[in-house]
Amino acid sequence: MLPVHHLLILGALLFCTGLVITIIKRNAIMVLLGLELMLNAANINLVAFNQYKPGVPEGQMFALFVIVVAVSEVAVGLAIVLRVYRYFETAVPDEIKELKD
Amino acid sequence: MPEPASLYNPATLQTFALLTLLLPLVSFAVGALVSERYSWVVTLCAPFLVLLSLATAIYTASVQWGHGNLLVAMPWFTVSDYTFSAGFMLNATSVCMTVIVAFISFLVHVYSTGYMAGDPATKRYFTMLGFFTFAMQGIVLADNLLSIFVFWELVGFASCMLIGHWKENPQAVAAAKKAFLLNRVGDAGFLVGLMLIWSHTGTFALGDLAQAIAQLPGAASWQTAAALCIFCGIAGKSAQFPLFTWLPDAMEGPTPVSALIHAATMVAAGIFLLARVSFVFTPAALDVVALTGIVTAVVAALAALSQHDIKKILAYSTISQLGLMVTAAGTGAFNVAMLHLVTHAFFKACLFLSAGSVIHAVHQGQHQGHRKFDVQDMRNLGGLKTKLPFTYITFMLSGCALAGVPFFSGFLSKEAIFSALLHWADNGWRWLVVVLAFGVSFLTVLYTYRLIRGIFAGTETATAGLNITEPPVIMRAPVALLAGASLWFMFSINPFSCSGWFLQFPELPAHHITLTIFSTAWVILAVVAARFIFRERNPFQSELLRNTFYLDLYYQKYVTDSVVAVAGFTSRFDRKWIDGFLHATAYAQITVAHLTGWFDRAIIDGMVNGAAALARTTGRFTQSFQGGKIQLYIFWAALAIIIFLIWTLV
Amino acid sequence: MIDANILFYPFALLAAVSAVAILVVRNVFYGALWLLTCLLSVAAIYVLAYAEFVAVTQILIYAGGIAVVILFGVMLTTRVAGVPLVVQHGNLFDAIVVGFTLFVLLLTLFSQHDFSTVAPAAAVKALPPAEAIGMATLTDFLLPFETAGILLLVALVGATVIAASLKSKRS
């Protein structure tokens, strides 16, 4: 069994890195990459704690569903990115400000 | 014994005394308010009002005479818990003085209508004459030292204005200033004396003061000091040594003014005050008074011998006679001094007015004859006996009174003075005073003889050929009245005895016949000597005497110049340091103002601007939440979550 | 023998390094490739954590599906005119503050808990995980399973609709 603390630390690291990527990158695709990292970090947590109950797959089920959700989110997100890219002709999120107040 | 109640009524007396005081003030008010076009109204009203004042004074005097003191007072003002009152004190001395002041003032008013005719400023003249009369009556009637001091100052002011009446003449202006200044020097001492009295007895009222001092165990040193300080004021006002130099210069004023103020009344105010506060004077102070008096008398008599100006001779004569009065007061015989004051008032006023007649007549002659010479210089006059017989007679009458010839009032009062002196003299230096007093009376005869001879005897010099006539009746009548008052019967039935209705001598022994014979012989000797001495030239020509031992020069050099130097120094100090200090504080203030301005601009406005900038930044910052930038939204959400986590979990 | 857990550390290191690499690189393509690396190393960790099914699913779907789709997206959105686009960084300070704060916060929270209270299970399991998962899907987790299906359908339809060719802003 893997030490839970270490897994948690790894998960925290991945999550924070994903968050920073999401905030600093001026490219919509890279924002999506950050999102994926965050989701993976959550998955690591789930799997880590699932080690305490070997016969009960709740953690892994949850992880599987997270992956499914991630898939749909990426699909739709990429579609939106492509659409926005074609319309605004830029992939930089900051320049898409028509929702600005 | 009380008089019938119907006649002696204090309320009526009070009213009449008030009228005596205030009618001249009404004359002053009339003169001040009437415009220049109607100055003839003032010339008409002023003598009339003073005549009314004379009438009320006579009434008051006749009723009050023989009744002792009547004190009337009413509250004046209050300082902390002491109330100063102002009121009248009517006793024999004061009512007598009111009559004399009113009478001589009235005569001078009448005389002035003739003398000052044609003068462009007669309105101002009569206004100030009225004011002077009011102030003089105030001194005489007042019952407390504070009121006396106030009127004292007013009299000095009126005198200054009247001396400088012809204000285009720079010498007249300088004389007026000198008179005022020397008076002020004396009054400074007077004020110190008042303060001493106040601090030791707590009252100014004369009646209370007399009682307070009578209850003192013995003569205290403060009393002597207070007495001498008050004597300073008297020395200033009555022209005693060394404060007499203003009086000869005061002859720059019109002659009626000299007659009224500088012969009869104002200078006599000092003697009057001496009599009033006689209870303050300790024997030591009285000795000082006597000494001062005799020194004054001798110096002035010597100076009178060498003058050429007829008015100056009369001025020095006045100083000398005042010195005799003060000496008499110094012996303790205050009523003797008052007697001489009264007789002197009449004959000196007569002398001055007669001299004024001479001056006036020669002036008129000058104008008609188109000649120009100093009218008052005796060397230009002479031999006017035939042209001015009336004036000659009045001059002779009053001159004899001045010289102390028997059958005249002056003889009586000089008798009284010698009696008092002889009674008082009991040790060495006092005998010297007596000898000097006799010497002064000898000199008096000498200079009087010289004066009359110089004007009237001999042959005419500069006035030869001029048409000189007697002045009009309106000027001659007052002179005649005053000449009449110089005769003996005004004061005593017996021409050789000074005890009469005016003066009782209860404390002195019976009048010495020897003294009478001696003084008569003394006068005759003096007349003979004068005839002999002044036959040709005046042997008393001496610059030293003429300039009164250069007293004026000493004053100028040591006193005036040093005071002016100090004044200059303080003025420079003031300008340089005090004004400099003020300028420095002003600069400091300006600097502080600049600093404050900078502070206001830089810091306070900066703070306000900073607040605005902060608001702007905050606004922009919060505006950025809605900037449409997705990643910022993510950032803020994450930050909020973190803060929430920290808050709840940690 | 050497503890198999020791393999965890290299893979963990690889995952961490590749995550940081995505942060650092300025090229979207490289970033996508680094993501791929990260996903694969995470899959390896899953294996070591006795979650073999999840690991395989990770490789198949995440690495094989999502990463590839992202690469397609990269190709479509970058105007490659010989020089690849350089991605700028923005809000650097804010992001680092947030990231660092969150990391420290999480570490603090972890250090306050002692996760060894639960008795670790032995390596022997009742059923192979695949079987367990399969059983659980259709019994305990039926509703989420069906919902996930609907979700996938919706996503599919939605993506198709959104990505359909339409006019650009200019024309």
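**View 1. Phe72(C) counts as partly exposed in this predicted model, because 13 C-beta neighbours lie inside 10 Å.** A residue is called buried if 20 or more other C-beta atoms lie within 10 Å of its own, exposed if 12 or fewer do, and partly exposed in between, with the C-beta atoms placed from the backbone. Phe72(C) is found in helix H3 of chain C, which covers residues 52-77; helices (H or I, at least four residues) and strands (E, at least two) are DSSP runs, numbered from the N terminus. The C-alpha atom of Phe72(C) is separated by 9.8 Å from that of Phe29(C), although the two residues are 43 residues apart along the chain. Residues are numbered from 1 along each chain as its sequence is written, while chains are lettered from A and ligands numbered from 1 in the order in which they are written. This is a predicted model, in which local features need pLDDT of at least 70 and side-chain atom pairs count only at pLDDT 80 or more, whereas totals for chains, interfaces and linings use all residues.

**View 2. Helices H2(C) and H3(C) come within 8 Å of each other, axis to axis, and cross at roughly 175°.** That angle makes H2(C) roughly antiparallel to H3(C), where angles under 35 degrees count as roughly parallel, over 145 as roughly antiparallel, 65 to 115 as roughly perpendicular and the rest as oblique. The axes are lines fitted to C-alpha atoms, for helices over the stretch in contact, and the angles run from 0 to 180 degrees between N-to-C directions. On the side of H2(C), the residues that meet H3(C) include Phe29(C), Leu36(C) and Tyr46(C), and among their counterparts in H3(C) are Ile59(C), Tyr62(C) and Leu71(C). By class, this contact has 20 nonpolar, 1 polar and 1 charged residues, where Ala, Val, Leu, Ile, Met, Phe, Trp, Tyr, Cys and Pro count as nonpolar, Asp, Glu, Lys and Arg as charged, and the others, Gly among them, as polar.

**View 3. Chain C meets chain A through 76 residues of chain C and 64 residues of chain A.** Two residues are in contact if their C-beta atoms, placed from the backbone, lie within 7 Å. The elements of chain C that give two or more residues to this side are H1 (8-24), H2 (28-48), H3, H4 (92-111), H5 (129-139) and H6 (142-162), and the largest share, 14 residues, comes from H3(C). The residues on the side of chain C that touches chain A divide into 59 nonpolar, 14 polar and 3 charged. Chain C itself has 6 helices and 0 strands, and 25% of its 171 residues are buried.

**View 4. In chain B, helix H5 (residues 145-163) and helix H6 (residues 170-201) pack at an angle of about 170°, with their axes 8 Å apart.** That makes H5(B) roughly antiparallel to H6(B). Among the residues that make the contact are Phe149(B), Trp152(B) and Cys160(B) of H5(B), together with Phe180(B), Asn183(B) and Phe190(B) of H6(B). The residues of this contact divide into 13 nonpolar, 3 polar and 2 charged.

**View 5. Helix H7 of chain B (residues 206-214) has Leu206(B), Leu209(B) and Ile213(B) as buried residues.** Seen down the axis of H7(B), its buried residues fall within an arc of 55°, so they line one face of the helix; the arc is that of the directions from the helix axis to the C-beta atoms. What covers these buried residues includes strand S2 (82-90), H6 and helix H11 (266-276) of chain B. Chain B as a whole has 22 helices and 2 strands, and 47% of its 650 residues count as buried.

**View 6. Confidence in chain C averages a pLDDT of 83, and 84% of its residues reach 70 or more.** The pLDDT is the predictor's confidence in each residue, from 0 to 100. Within chain C, confidence is lowest in H5(C), at a mean of 81, and highest in H1(C), at 94. Chain A averages a pLDDT of 88, with 97% of the residues scoring at least 70. In chain A, the lowest confidence is in helix H3 (residues 58-88), at a mean of 89, and the highest in helix H1 (residues 4-24), at 94. The model scores ipTM 0.89 and pTM 0.62.
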